[in-house]
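Here are my notes on the structure you sent. Please read them with the model open beside you.

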Amino acid sequence: MPVRLARPPFTPSALQVWAVEDTSIQLTWGSLPAGPIRVSAQDRTVEIEHTGGPGEFTLSGLSPATDYRVHVDHRAGTRTLEARTLATPPGALLSRVATVSDLHIGSRRWGFLKTMVETEPFDTPFPVRCARAAIGEAIAWGAELIMIKGDAVNHRSPHNFAELGRLVDLFPDTPMLLVPGNHDVDFQHSTMELPATVGERALPFTTTVVHLDVPGLRVIAGDTSIPGQGPGTLARTGEAMIQTAAEADRPALVGVHHHFDRLSRPTHWPPGIPKAEAKPFFDDLRRGNPDVLVTSGHSHRNRARRHQGVAVTEVASTRDWPGVWAGYAVHEGGIRQVVRRVAAADAVVWHEYSRGAVLGAWEHWAPGPLAQRSLAINWSTDS
Ligand SMILES: [Fe+2]
Ligand SMILES: [Fe+2]
């Protein structure tokens, strides 16, 4: 069913290089006319048939660490984009895992004043369509493990947790880790306890620290939520995350919900984990295991930085612009992160609309620079 949204018209996103991996480039656009689109880069040329409106295309078969000029020809004209593929980390590819965050299952509105809605909704609400597409596309990319790192539901309620359960049951064969965010433990509509598990598959909500090992990587999930509060804390689980990473015989990916505030006073909404807690955490984490990547959600934006050599990333929401999931390709000598936009058309139509939030500021705030979304780390030598 075609969707009609509450505040048209909105500005579609530009044709752009959204993601790079070592051998591929993901192009996305908010609106291109129907008809053939020809994408070429050096000796690679691919033609696709576009039905019009938003879309994405991934050009694969490229060479690592190479500068490309990507020519996109379509009915309305030609654009040339420039991109450099990532270097492949040293050694064999051992495994792939992925994270999603801020699914906000159960939400029906979006924007600073919560005025953005689907006035003629699809049969499936937009948070479920977006999360379903993100998880499915991450698995199709090759992820053998999915971590859901918080704000899985919009407010705690039996209905929302049941909807979350139906979502995770769509992927019964994929191991998952699930940690709560502040929205999973809020008191806005209910004082019910956080359920121990969700879905027929009985996926546990982690309220401590858990880990799963895959070839080349220990994946650690820690609960940083405080019931009834927005910000996060490491007080309950920080030590256990440090110990779990230190005991690993391999590098570690640490996933939490709340981002780590860089300054003593938060400089943007929402507040995350206080700097006073974050700094000693990173220091001890690195002392215990020098090869660690820490990633969070909560801020609904993409960013990356280093703290004393520890790589720290924030990954945006599946539900709102730009609508993403993060893939991690694990090599013997390093790891690649790629933040990919969801491709499914019934999700992208909402993502494109949702970029108009906060008087249009959201379209600039949430994406972050390409270099902070797609990055490669060589263990021990530069982590
Ligand atoms: Fe969130
Ligand atoms: Fe959050």
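The points below go from the whole chain to single elements.

1. Basis. This is a predicted model, in which local features need pLDDT of at least 70 and side-chain atom pairs count only at pLDDT 80 or more, while totals for chains, interfaces and linings use all residues. Residues are numbered from 1 along each chain as its sequence is written, and chains are lettered from A and ligands numbered from 1 in the order in which they are written.

2. Overall size. Along the principal axes, the C-alpha atoms fill a box of roughly 55 × 50 × 40 Å.

3. Make-up. The protein chain has 6 helices and 21 strands; these are DSSP runs (helices H or I, at least four residues; strands E, at least two), numbered from the N terminus. Of contacts between residues at least 6 apart in sequence, 72% join residues at least 24 apart. A contact means that two C-beta atoms, placed from the backbone, lie within 7 Å.

4. Burial. Buried residues are 48% of the 383 in the protein chain. A residue is buried if 20 or more other C-beta atoms lie within 10 Å of its own, exposed if 12 or fewer, and partly exposed in between. Phe 161, in helix α2 (residues 158-168), counts as buried because it has 22 C-beta neighbours inside 10 Å. Leaving aside neighbours within four places in sequence, Phe 161 is in contact with Val 153, Pro 195 and Val 198. Its C-alpha atom is 8.3 Å from that of Gly 199, 38 residues apart along the chain.

5. Strands β13 (residues 209-214) and β14 (residues 217-222) run antiparallel and are joined by 6 bridges; strands pair if DSSP finds at least two bridges between them. Val 214 stands opposite Leu 217. The hairpin has 2 residues between its strands, and Gly 216 in the turn has a positive phi of about 85°.

6. Two helices. At what angle do α3 and α4 pack? Helix α3 (residues 238-246) and helix α4 (residues 275-288) pack at about 20°, with axes 8 Å apart. They are therefore roughly parallel (angles under 35 degrees count as such). Residues making the contact include Ile 242 and Ala 245 of α3 and Phe 281 and Leu 285 of α4.

Notes:
Axes fitted to C-alpha atoms, helices over the stretch in contact; angles between N-to-C directions. Parallel < 35°, antiparallel > 145°, perpendicular 65-115°, else oblique.
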